[in-house]
Amino acid sequence: MKRFYRSRICLKFMVMLALGWPALLQAQQFQQQPQEEKELSPVSRTYAITNATVFQGPGRKLDRATVVMKDGLITAVGKGVAIPPEAIIIKGDSLYIYAGFIDGLSRAGVSKPKEEANRERPKDPGNPTPELAGITPQNDVRTFLNPSDKSADDLRALGFTAAQVVPYGNMLPGSGAIIQLTGKTSDAMVLAGKSALFSELTGAPRVYPSTILAVMSKWRELYRQAVQNKNYETMYAANRAGLSRPASDRILEAFYPVIDKRIPVLFEADKYLETQRVMTLQSELGFSLVLGDVKEGWDAIARIKSSGAKVFLSLDLPEDKKEEKSKDKKEEAGTLTPAEKEALEKRKAEFLALYTGQAATFQKAGVTFGFSSLSAKTSDIRTNLRRMIKAGLTEDQALAALTTSPAQLLGLSDRLGTVDNGKIASLVLSDKPYFHEKARVRYVFVDGIMYKYDVKETPKADAGAKAEITGTWSVTTETPQGKSEETVTFKKDGSNYSGSITGGRLAQAVSLEKVELNGNALRYSYTVQVGGQSFKVDVDATVDGSSYKGSATVGQYGSFPVEGKKDPNR
Amino acid sequence: MIRTIKYIAGLLLLLVCVMDLGAQSPKGKYGTFALTNASIETVTKGVISNGTVIIRNGKIEAVGTNIQVPQGAEVIDCKGSWIYPGMIDSGTRLGLFEFGQAPQATDVSELGDVVPQMKALTAINPNSAAIPINRISGVTTTLTLPEGDLFSGTAALVSLHGYTPDQMFEGFEAVLLNFPRTGRRGPFDRRSDEDIKKATEKSLLRISEVWERAVQYHRIDSATKGKGTYYPEMQAMLPVVRGEMALIIDVNAARDIQTALKWIKEKKIKKVILSGVAEGWRVADEIAKANIPVLAGPVLELPTRDYDRYDKAYANPGLLRKAGVKVAIKTDDGHLNYRNLPYHAGFAAAYGMGREEALKAITIVPAEIFGVADKLGSIEQGKSATLFVCNGDPFEPKTQVSQVFIDGWQMPMVSRQTLLYDEFLQRDPGVAKEK
Amino acid sequence: MKKILLIICIAVLAQQLSAQVERGNMLIKGGTVLTVTKGTLEGTDVLVTNGKIAQVGKNLTAPAGYKVIDAQGMFVMPGIIDAHSHAGLDAINEGTSPVTAEVNTGDALNPFQVNLYRALGGGVTTIHAMHGSANAIGGQCETIKLRFGVKDPELLRMEGAPRTIKFALGENPTRVHGGGGIVPRTRMGVEFVIRQAFSQAKEYMAAWDTYNKQKIQKGFRGAPPAYNMRLETLADVLRGNIIVHCHSYRADELQMMLKVCKDFGVKRIVFQHVNEGFKVAPELAAYGAMASVFSDWWAYKLEVYYSTAYNAAILTKNGVTTSINSDDAELMRHLYHEAAKTQKYGDLNDDEALSLITINPARQLGIEDRVGSIETGKEADIAIFSKHPLSIYAIPMITVVDGIVRFDRSKDPDDMRIFVDPRQSVETTTLRETRNAHEQCMEGADYMFVKMFGLNLNEQ
């Protein structure tokens with residue numbers, strides 16, 4: 001059963017169960033895949049976007065300009081450029097064009113490997129197989145790429161067109177690659193293979209190395225053994241006579257390009273102490289270092305600078321929960337004196353500000369950085385970018401961190417990062433300046449392939465509006481497998497709302513964990529138990545009279561459109 | 001196979017300790033004693049200098065200056081020494097727990113979340129090695145509690161002398177309720193706030209249900225004059241519902257204390273004692289207002305929240321007392337070191353409670369809370385001769401206890417630990433053995 | 001090999017450069033100075049310059065810019081040293097293998113733990129942040145100074161302190177590993193595991209010695225022995241470069257370990273916990289082995305059932321260098337009180353009692369030339385108490401590390417966190433299950449017991 005939980009299919013399965021669509025699931029399992037519309041081929045691979053506002057790069061803006069792309073490359077940018085006759089023309093009068101964004105560390109498009117069938121405690125936990133130990137540096141993320149993985153679609157919809165991706169695993173999952181978020185086959189996605197040796201300071205469950213203690217020492221040992229082996233191989237290669245044959249060791253060999261500094265080690269180093277520990281390893285062993293998904297780096301900047309490490313800051317930020325708190329003030333105020341509570345909230349706010357201000361702090365310190373989406377919820381990324389900007393990062397700096405800086409850090413500046421003649425045709429087009437709260441991405445071009453985003457007009461969230469939700473609602477959730485219908489009931493108790501959800505296919509009603517109505521912004525969540533695991537569903541919607549529209553997010557597994565209609569009879 | 005071996009090993013182990021327990025300590029001595037020339041800390045009536053305590057028939061026959069020593073009394077000259085009432089530890093597992101990590105050596109926790117009928121007094125082992133070890137430090141009386149989930153059993157107040165549980169019993173029992181808690185059990189407890197809340201709510205419903213049933217059972221029992229169905233859990237709850245027995249509620253997080261106070265009020269529970277109250281200082285006024293006594297401790301503990309002032313656990317008893325709460329101090333020690341009771345009190349004293357109140361918190365106050373103040377808790381005429389003699393302030397670690405009396409019995413001042421000291425201070429043979 | 005050494009050297013150098021320890025200047029005026037090694041000096045001043053004790057004497061004057069602390073009526077003692085702690089660590093046990101000599105708690109330092117500050121509130125200035133006792137040969141340990149307030153974990157290290165390593169005998173390693181079907185399951189197995197590891201290390205050392213000798217001969221070509229960090233570390237133990245701190249309880253296993261040490265030439269050994277040390281005190285003294293004990297803990301399992309609180313006194317009076325340790329974040333806060341208990345259990349005098357938590361643990365960690373007493377030239381790690389520290393009424397008022405005030409009872413705010421998780425609810429309460437106390441030593445290895453008796457014993 002455990003193996004089943006871990007697999008990719010299983011996750012989708014759970015998500016669907018969590019949302020209450022077991023029947024649909026069965027349909028998928030026992031019948032053929034649902035009929036898919038065959039995608040029509042574009043009539044041309046040449047595009048011209050006319051009369052648009054083009055941000056060629058940070059601080060380089062062109063008004064009413066045209067961008068021409070042909071066969072996957074940008075062939076002209078500027079005012080009054082000639083439009084080739086075969087071009088598909090997109091009127092860009094109200095569009096803003098940017099270079100496609102680059103994600104410095106991600107798992108978009110990477111499938112999770114199936115777990116071993118037998119996850120019982122091994123007979124000798126001190127000597128596990130390298131796979132159990134999480135030591136598989138010889139693995140290559142390209143093996144695990146899946147062009148139809150939804151995570152790539154989600155990231156692309158935000159404007160990302162390229163990403164450095166890494167395999168799943170623990171201490172040494174394998175080497176990463178830089179991919180474009182398009183392509184029919186895994187190889188077609190790859191821009192550069194073996195971009196870095198990826199590592200996490202994560203122990204293996206119940207076998208050696210299980211803690212940070214052993215992960216750190218195992219790292220040193222492997223590296224030093226690799227140095228030793230490599231030296232011997234060199235000696236052996238120079239003159240083999242009289243020397244015993246060096247044993248082949250794929251694990252150690254995976255370190256050779258690192259030792260030669262042909263590739264860096266890319267660490268997931270989200271916590272401050274991990275950042276420090278990783279730099280300790282680097283200072284001892286001397287490899288080139290990339291710090292990925294850094295979340296708490298503000299106190300380590302001096303050391304980061306002197307280490308020469310490259311940095312990708314996390315796009316994940318702690319939630320700003322203030323609104324929630326004020327709601328149940330009466331209940332919460334209980335055991336803390338108001339002064340104490342205020343002081344504690346203030347300290348929390350100070351630290352929250354450090355997180356949101358991290359990018360600006362790095363910027364001020366003169367550290368070039370890109371971003372990493374590794375642990376960020378896709379639906380939070382744009383909000384988080386705006387929060388960083390609010391905390392002191394300028395829009396140009398944010399744009400640089402999404403485009404030119406990662407291009408530079410990943411060695412892609414000649415191909416990606418700006419809207420310039422000769423670069424790969426990867427662009428993002430939004431209907432307002434990208435960092436504007438109401439901006440929507442309308443087109444994304446990846447490697448000259450167009451992805452168009454239809455915009456459904458959703459009613460505006462308006463804190464001033466007074467919506468009323470008490471009553472019973474019929475709710476439709478749209479999933480890739482079809483529609484699902486549930487019934488949601490809201491009750492009002494004083495100023496607080498509560499409620500429950502039940503669906504035709506849900507075994508029993510589940511009570512909603514929190515219901516919040518702020519003006520006409522509605523939020524509720526509930527947890528569904530499936531096979532002993534719980535899945536939290538967060539619904540975020542905007543109420544317009546007797547209907548609401550929004551999305552249901554199930555953890556990291558994705559989000560789906562939701563529509564509710566008030567039942568007038570009840 | 002492995003399991004069999006383990007069990008055999010366990011049985012052997014049990015045998016070993018039973019054998020050892022058999023060879024415990026010399027006997028106590030009963031008789032008439034005159035403790036003369038002592039400074040007497042009566043606790044309730046101040047300090048008597050150069051005084052005498054007469055012990056006869058298990059009781060304090062006389063206390064004061066100018067007291068005639070009865071004929072035939074054994075005179076113990078206490079010049080330079082102090083007499084204190086025996087110390088009462090209000091939270092222990094004495095007698096139920098011989099040593100840890102061996103199920104065979106512990107009778108602390110019975111199966112089931114509602115088992116008030118499980119009586120500590122049944123399983124208290126009068127021959128536990130821990131009894132003399134703690135007794136010779138002047139801890140004469142302990143409340144022994146069965147642990148577990150929700151209603152985990154009936155606690156008993158025992159003296160640290162006697163060959164049967166009945167001989168040890170000091171006349172107080174109470175049902176223990178471990179109140180549903182929202183606090184985390186430690187850093188390893190990684191449940192979400194939501195999960196904790198849910199689990200707590202569920203448990204709250206459960207205890208309310210138990211209480212309501214107990215009330216129903218009481219009504220039926222009264223109406224049928226005790227001829228209701230056999231229902232041992234409810235039978236055990238009867239005296240609590242009727243207010244004849246106290247309910248000890250173990251509760252620590254401030255919010256849980258508030259919930260418990262509300263629950264007590266709502267259920268109109270007549271006799272209640274709170275126990276633990278680690279965050280009692282946060283809601284001290286509310287506890288005082290509810291007029292419920294507390295058994296606070298352990299005092300030697302870490303603060304419950306990482307932003308709390310570092311000494312909050314030490315200061316807790318004092319802060320509660322200051323708010324007007326009746327405070328007894330307990331050790332709840334995990335290593336059977338109830339002998340450290342004066343040190344828990346000492347820390348409370350140093351961190352704000354003051355020596356006088358801290359002393360009361362391990363003598364007369366618990367005696368009052370447990371309804372045994374007519375016998376225990378102070379040096380007064382007519383009370384049980386449960387007291388000790390020492391050469392200074394018993395809160396000070398360097399102070400030595402020279403005599404301990406329990407119910408008039410003079411205790412031998414030896415324990416396994418002192419015997420080992422006697423044997424090994426100068427081991428013979430040393431490194432070289434003559435053969 | 002040379003290259004590896006070079007890398008290590010560069011790394012160490014780089015670390016020292018990156019870490020700048022803050023050191024202060026101060027004059028502590030008019031206190032009763034308990035030097036521990038040189039008697040008690042009333043109304044005496046202690047002058048601290050650049051983190052070191054510059055002068056101890058009467059009527060000293062503070063040069064300009066020196067902080068002045070009025071200690072009149074107070075007691076000034078050397079900062080307390082805890083020879084057995086697990087505070088300040090993110091991980092304690094790598095409990096997956098009976099031998100894990102290569103791991104090092106220095107890799108898991110966490111300067112944000114509030115427990116470090118709370119320990120300062122008990123006058124503690126240096127702790128031995130140890131690996132746990134799940135394995136017969138556990139990991140190397142880090143001696144750290146409680147410079148609470150620093151964020152760089154490197155700055156916690158007591159730079160230059162000797163290397164130490166944790167060994168463990170008896171119930172813990174036999175339960176963790178034997179319970180899962182790996183030797184050792186018995187005390188016989190524990191001895192075997194240690195002897196085997198030492199023997200392998202000896203072979204490893206010999207192989208490298210041979211290789212290094214051959215290598216310098218002209219025209220030599222050949223493979224070096226495979227680099228192995230575990231054996232490297234154990235070889236350093238055999239070379240005498242690492243002090244062994246051996247978790248142990250029973251007299252028989254102490255004797256066993258003494259024999260093993262003798263056979264392999266290991267001279268520096270400190271027995272930890274060592275509840276039955278009193279039974280073999282003459283043997284320990286004869287070997288020069290030291291002992292670090294609890295004041296009165298017992299009964300938390302069978303191997304500590306036959307304990308006595310007189311252990312420290314018996315050991316001390318038999319000439320064994322003895323310390324009192326905590327192994328617990330709460331106990332650590334009142335080691336002065338734990339030391340005072342030896343006056344009840346064994347009549348130790350004040351200096352003997354204070355030595356148990358100052359100069360003696362310093363000796364056990366090999367740092368007695370730097371800390372552990374108030375003497376000119378030593379590092380200014382100082383605890384100032386309101387009353388004599390062996391009194392129950394004593395309250396630590398100010399704690400100084402390297403001449404910097406790291407704890408000040410009258411000035412510090414309540415909330416001393418240096419890291420606040422904005423995700424954490426402000427109402428989170430954590431209650432320890434103290435009555436189910438077991439050694440913190442076993443933290444992180446608990447899950448190993450699930451297989452024993454089919455139940456988790458720690459939930460008893």
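## The nonpolar cores

A nonpolar core is a set of buried Ala, Val, Leu, Ile, Met, Phe, Trp, Tyr and Cys residues joined through C-beta atoms within 7 Å. This structure is a predicted model. Its largest nonpolar core holds 387 residues. Which residues touch the most other members? They are Val67(A), Ile97(A) and Leu291(A), together with Ile83(B), Val76(C) and Ile384(C). Helix 7 of chain A, residues 212-238, supplies the largest share of this core, with ten residues.

Look at Ile384(C). Leaving aside residues up to four places away in sequence, Ile384(C) touches Ile28(C), Gly31(C), Ile69(C), Ala71(C), Met74(C), Val76(C), Met397(C) and Ile398(C). A second core is separate and has 23 residues. Among them are Trp473(A), Ala552(A), Phe560(A) and Val562(A).

## Domains of chain A

The domain assignment divides chain A into four parts with these bounds:

- Domain 1 covers 2-36 + 459-566.
- Domain 2 covers 46-100 + 416-447.
- Domain 3 covers 103-117 + 135-302.
- Domain 4 covers 323-365.

The centres of domain 2 and domain 3 of chain A, taken over C-alpha atoms, are 35 Å apart. Each of these two domains brings ten residues to their contact. On the side of domain 2, strand 15 of chain A (residues 441-446) gives the most, with three residues. That side has seven nonpolar residues, two polar and one charged.

## A feature from UniProt

An unreviewed UniProt entry places "domain: Amidohydrolase-related" at residues 366-448 of chain A. In the model, the end C-alpha atoms of this span lie 34 Å apart.

## Where chain C touches chain B

How many residues does each chain bring to this contact? Chain C brings 56 residues and chain B brings 55 residues. On the chain C side, the elements giving two or more residues are helix 2 (114-120), helix 7 (281-287), helix 8 (311-317) and helix 9 (335-344). Helix 9 of chain C gives the most, with five residues. By type, the chain C side has 25 nonpolar, 15 polar and 16 charged residues.

## Confidence in chain B

Chain B has a mean pLDDT of 93. In chain B, 94% of residues reach 70 or more. Residues 10-25 of chain B stand out from that picture: pLDDT stays under 50 there. For this stretch, the model has 15 contacts beyond four places in sequence. Where pLDDT is low, predicted coordinates should not be read in detail.

Notes
Residues are numbered from 1 along each chain as its sequence is written. Chains are lettered from A and ligands numbered from 1 in the order in which they are written. This is a predicted model: local features need pLDDT of at least 70, side-chain atom pairs count only at pLDDT 80 or more; totals for chains, interfaces and linings use all residues. A residue is buried if 20 or more other C-beta atoms lie within 10 Å of its own, exposed if 12 or fewer, and partly exposed in between; C-beta atoms are placed from the backbone. Helices (H or I, at least four residues) and strands (E, at least two) are DSSP runs, numbered from the N terminus. Two residues are in contact if their C-beta atoms, placed from the backbone, lie within 7 Å. UniProt positions are given in the numbering used here, feature names are shortened, and annotations may be inferred rather than shown by experiment. Ala, Val, Leu, Ile, Met, Phe, Trp, Tyr, Cys and Pro count as nonpolar, Asp, Glu, Lys and Arg as charged, and the others, Gly among them, as polar. Domain bounds come from an automatic or database domain assignment. pLDDT is the predictor's confidence in each residue, from 0 to 100.
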